[in-house]
Amino acid sequence: MAKSFFIWTVGCQMNEADSERLGREMAERGLCATDNMEEADVIVLNTCAVRAAAEEKTFGKLGELKELKRRKPDVTIAVGGCMVGADHSDLKRRAPHVSEFFRPIQFESLLERVAPVAAPSRNGVALVALTLGADLRISAVGDGCVVPSDDAGSRTKSRPTRWISVINGCNRACTYCIVPSRRGREASRPISEIVAEARQLVSEGAREVTLLGQIVDRYGRDLPGRPDLADLFDALAAIDDLWRIRFLTSHPADMPERVIDAVGTLDKVMENINIPVQSGSDTMLRRMKRGYTIERYLSLIDRIRQRVPGVTLATDIIVGMSGETDAEFQATLDLLERVRFDVVHVAMYSPRPGTTAAMWEDDVPREVKRERLHAVESVQERIATEINAPILGDTVEVLVDDRVRGRWQGRTRGNKLVFFDHEENWLGRLARVTIARTSPWSLGGDVVAESAASVALRRGLTLVRT
Ligand code: SAH
Ligand code: SF4
Ligand code: F3S
């Protein structure tokens, strides 16, 4: 019987994309995915190190696995991703039941260990499955694997929204950040390889791809001919039946004007930009070594808003980094009021081993960090309420990507979450929804129609967009 595998993933979308790639490679080598960790022959933990809390989740899982390994000594446990640095002897010592460690996207030795002989690649070998309503997202099912018959239908349907990593690593050195030391220098994948992957995903049912990179705007600088993200958009926009292209994360000092224009003009590129500011204070930004000032950030936001009508904006904020005073923190709240982002991801500073900031005292007390976090959340909740309220009564286009607790769920072009009830199967279709309810986090409404491209695809035609 074929060996089975289970991949557990924490961290950002990049990690999810990496897990998906690993799952695909395993399936291509004849292994079978299982969604039951207890019964897997190979268990992979794909880890995150961005904050201590992320690492603790992995240590919790490793604790659970100790017991499993005792009961099933033959199980192979592998740990990979951003917790695995060049020197991971500490981790090794803490987890003697782990047989294989691998750095982000360095899958070779793990694959060698679990599937030394590559199975001949067969057509349709890897189906990345969807588990409706559950949070398990990864399952590449190899050819000849058993798919549980009770829900075979839902499991073999591909998710309509998928990730593609286009550039791995980061050449910057923000003082708080561990990512460059774990993911290494920037390395872009060639356009042809990304287009081939996107075509494969589209053939499995994907209608939207999100292009990922720590600084996705730096895509292509290390490739021959120096293509940029706008060139990649053009190449992907030519794929029939791929309706939507998203990208993240943008860096305020690295966003080329050409990319802004491409977002504003290409119909298939969604008007949503994730552009982390981290702090509203210039002195903090200097301490973070971010490479821009608030004045420059605001002028970039103005240019984006002028050239991308209807754009929605998301940002990341760190509160309570070493030395952050009340006044510096207040500048962050002021910035939120000034820019009015649609979405804000906020985190309390967590010192990371090996970073520059780890040498400084972590001097903002935990309670103060927590108060600041809550202050950001409450200001943002009010702003998001105000931004979303006027959408009431509008009809928006929603790509339906899941069914959650009996309701269909999807996203608008601007990435706003929309729920609706309907008896038909809307998965992977573009619905026109009239908004009847708004909240700071999501919208709700009623389907009024299906978009032309979506109708055409179901009828077996490809609509040529003009
Ligand atoms: N490349 C992206 C973000 C990468 S990490 C960028 O430049 O913005 C994702 C987010 O985690 C960051 O935006 C930051 O807000 C947060 N983060 C990174 N290091 C952190 C740390 N040491 N403590 C708390 N949050 C951190
Ligand atoms: Fe980390 Fe800064 Fe690179 Fe983002 S740009 S990954 S925050 S070092
Ligand atoms: Fe975590 Fe690595 Fe992503 S540290 S946030 S999984 S790049």
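The legends below describe close-up views of a predicted model.

**View 1. Four glutamates form a patch of negative charge on the surface.** The members of this patch are Glu-25, Glu-28, Glu-108 and Glu-112. Two helices, α1 (13-28) and α4 (108-114), are the elements that each give two or more residues to the negative patch. Glu-25 has its place in helix α1. With a relative accessible area of 31%, Glu-25 is partly exposed. Patch members must have over 30% relative accessible area, and Glu-25 has 31%.

View 2. Side chains of opposite charge can pair when their charged atoms come close. Here the side chains of Glu-67 and Arg-70 meet with an N to O distance of 3.4 Å. Both residues belong to helix α2 (residues 52-71), and because they are three residues apart in it, about one helical turn separates them. Glu-67 is partly exposed, its relative accessible area being 36%. Arg-70 is exposed, at 61% relative accessibility. The whole structure holds 38 salt bridges, and the pair of Glu-67 and Arg-70 is one example.

**View 3. A salt bridge between Asp-254 and Arg-172 links distant parts of the chain.** The two side chains meet at 3.1 Å, N to O. Asp-254 sits in the loop between β11 (244-248) and α9 (257-265), while Arg-172 sits in the loop between β8 (161-168) and α6 (179-183); the two residues are 82 apart. Asp-254 is buried, with a relative accessible area of 8%. Arg-172, in contrast, is partly exposed at 23%.

**View 4. Arg-258 and Asp-228 are joined by a salt bridge.** The closest N and O atoms of this pair are 2.7 Å apart. Arg-258 is partly exposed, with 44% relative accessibility. Asp-228 is buried, with a relative accessible area of 14%.

**View 5. Five charged residues are linked in a network of salt bridges.** The network consists of Glu-20, Arg-24, Arg-159, Arg-162 and Glu-204.

**View 6. Phe-102 and Phe-107 form an aromatic pair.** Five aromatic pairs are found in the whole structure. The ring centres of Phe-102 and Phe-107 are 5.7 Å apart and the ring planes stand at 70 degrees, so this pair is edge-to-face. The cut-off for that class is an angle over 60 degrees. Phe-102 and Phe-107 are both buried.

**View 7. Tyr-292, Tyr-297 and Phe-341 make up an aromatic cluster.** Ring pairs link these three residues.

View 8. Pro-180 lies in helix α6. At 18% relative accessibility, Pro-180 counts as buried, because the cut-off for buried is under 20%. Met-37 belongs to the loop between β2 (32-33) and β3 (42-47). Its relative accessible area of 9% makes Met-37 buried. Met-37 and Leu-68 are 31 residues apart along the chain, and their C-alpha atoms are separated by 9.7 Å.

**View 9. Leu-248 and Thr-249 are joined by a cis peptide bond.** Most residues other than glycine have a negative phi, and most peptide bonds are trans. At the bond between Leu-248 and Thr-249, omega is about 10 degrees. Thr-249 is in the loop between β11 and α9. That loop also contains Asp-254, the partner of Arg-172 in a salt bridge.

**View 10. Arg-340 and Arg-405 have positive phi values.** Phi is near 55 degrees at Arg-340 and near 45 degrees at Arg-405. Arg-340 is found in the loop between α12 (326-339) and β14 (343-348). Arg-405 is found in the loop between β15 (395-404) and β16 (407-411). Arg-340 is partly exposed, with 30% relative accessibility, whereas Arg-405 is exposed, with a relative accessible area of 79%.

How values were computed
Residues are numbered from 1 along each chain as its sequence is written. Chains are lettered from A and ligands numbered from 1 in the order in which they are written. This is a predicted model: local features need pLDDT of at least 70, side-chain atom pairs count only at pLDDT 80 or more; totals for chains, interfaces and linings use all residues. Side-chain values use heavy atoms; hydrogens and water are left out. Patches are made of residues with over 30% relative accessible area and no salt bridge: like charges are joined within 9 Å, nonpolar side chains (Val, Leu, Ile, Met, Phe, Trp, Tyr) within 5 Å. Accessible areas come from the Shrake-Rupley method with a 1.4 Å probe; for residues, only the protein chains shown count as cover. Lys and Arg count as positive and Asp and Glu as negative; His and the chain ends are not counted. The place of a charge is taken as NZ of Lys, CZ of Arg, CG of Asp or CD of Glu. Helices (H or I, at least four residues) and strands (E, at least two) are DSSP runs, numbered from the N terminus. Buried means under 20% relative accessible area, exposed over 50%, partly exposed in between (1.4 Å probe, protein chains only). Rings of Phe, Tyr and Trp (its six-membered ring) pair if their centres lie within 6.5 Å; planes under 30 degrees apart count as stacked, over 60 as edge-to-face and the rest as tilted.
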